[in-house]
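Have the structure open as you read.

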Amino acid sequence: MIYEYWLAGIEGISNLKKRKLREVYGNGKAIYYIEETNLKKHTFLNEKDIERLKKAKKTVNLEMQWEKSVKKKIKFVPYFSDDYPKKMKVITDPPYALYVLGSLPDENVKSAAIVGARNCTSYGEQMALQYGKCLGHAGVQVISGMARGIDGAGQRGALNGDGTTFAVLGCGVDVCYPRENIGLYMDIQKKGGIISEFPPGTEPLARNFPILQQGSVGAVLFLLQIQHELGADDLHAVGTGGLCQLDRSLTGIVHAALQHLELDQFPGIQAVLHALDHGLVDLTLAHDENGVHGVCLAAQDRAVQVR
């Protein structure tokens, strides 16, 4: 497995090309020891790819990196592993491998994503905490990005509800970002998991965050969006396929969560309850300071926001 770890960590070579190499040579070890003349025979590799492979063999202290990862209890889950999320295998370009601290979501258990504004209001934070707690208490896995604001609050709520939650990061799993969420980061590892497609030690660069589809990791069946405009980037972040395959039974849990709130304090919730009661169940909820202001109905290949 150490050679698969090496191949997964090479920057600049796409996941698709890494999988093609493994299909040709059978395993990471064979790729590690392949001669340059053989690499040049493959039309799917360009000169830059070959140079990156050569450089990786020269510059990486493979044994040391592998041992450090093992000591940190980081699980390495390549795409051909039985533990690799089945739903992720069918997306266009699944990661060659995942790195995990804790565990991966149980694919036999319902999952929900809670996402939203980083600079949220105290109202939004309380809403996220409440929904996370209700979902966690109901046995629904909560998946988000552990970001400050709504994401972290929803995940803290899930833990408060004695549930499980999973953080999908745009950095290495051994890098806590933001640092202010270190307590949440440690607690998630005990009742859920920290997940990334980026090798340990990877810094939280902005370009990394949209890449891993959270919905694909946990087969998200419900998306709750709080204090944030619903846009294409957000749908990508949680996996459009997950959004368009919402589970009707989850709406009952959200319905119950809404009913626990004092409706007169949150204008707009009555409209959402009405939508749920009349069969408009494939939806996401959009919030602002005044409460629920929109319902996002899932269409076949898009989301349509209804004000």
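## Charged pairs and the core

At 55% relative accessibility, Glu 180 counts as exposed, where exposed means over 50%, buried under 20% and partly exposed in between (1.4 Å probe, protein chains only). Before going on: this is a predicted model, where local features need pLDDT of at least 70 and side-chain atom pairs count only at pLDDT 80 or more, while totals for chains, interfaces and linings use all residues. Residues are numbered from 1 along each chain as its sequence is written, and side-chain values use heavy atoms, with hydrogens and water left out.

Glu 180 meets Arg 148 in a salt bridge, that is, a side-chain nitrogen of Lys or Arg within 4 Å of a carboxyl oxygen of Asp or Glu. Arg 148 sits in the loop between strand E4 (141-144) and H8, and Glu 180 in the loop between E5 and H9, so the pair ties together parts that are 32 residues apart in sequence. Helices (H or I, at least four residues) and strands (E, at least two) are DSSP runs, numbered from the N terminus. Arg 148 itself is partly exposed, at 32% relative accessibility.

The count comes to 12 salt bridges, including these:

| Pair | N to O distance |
|---|---|
| Arg 148 and Glu 180 | 3.1 Å |
| Lys 191 and Asp 162 | 2.6 Å |
| Asp 187 and Lys 190 | 3.9 Å |

What about Lys 191 and Asp 162? Lys 191 lies in the loop between H9 and E6 and Asp 162 in the loop between H8 and E5, so this pair ties together parts 29 residues apart in sequence. Asp 187 and Lys 190, by contrast, are 3 residues apart in helix H9, separated by about one helical turn.

Now for the inward side of H9. Its buried residues are Leu 184, Tyr 185 and Ile 188.

The largest nonpolar core has 48 residues, and Trp 6, Leu 53, Met 146 and Ile 194 touch the most other members. Such a core is a set of buried Ala, Val, Leu, Ile, Met, Phe, Trp, Tyr and Cys residues joined through side-chain atoms within 4.5 Å. H1 gives the most to this core, with 6 residues. A second, separate core of 13 residues includes Tyr 123, Tyr 131, Ile 150 and Ala 158.
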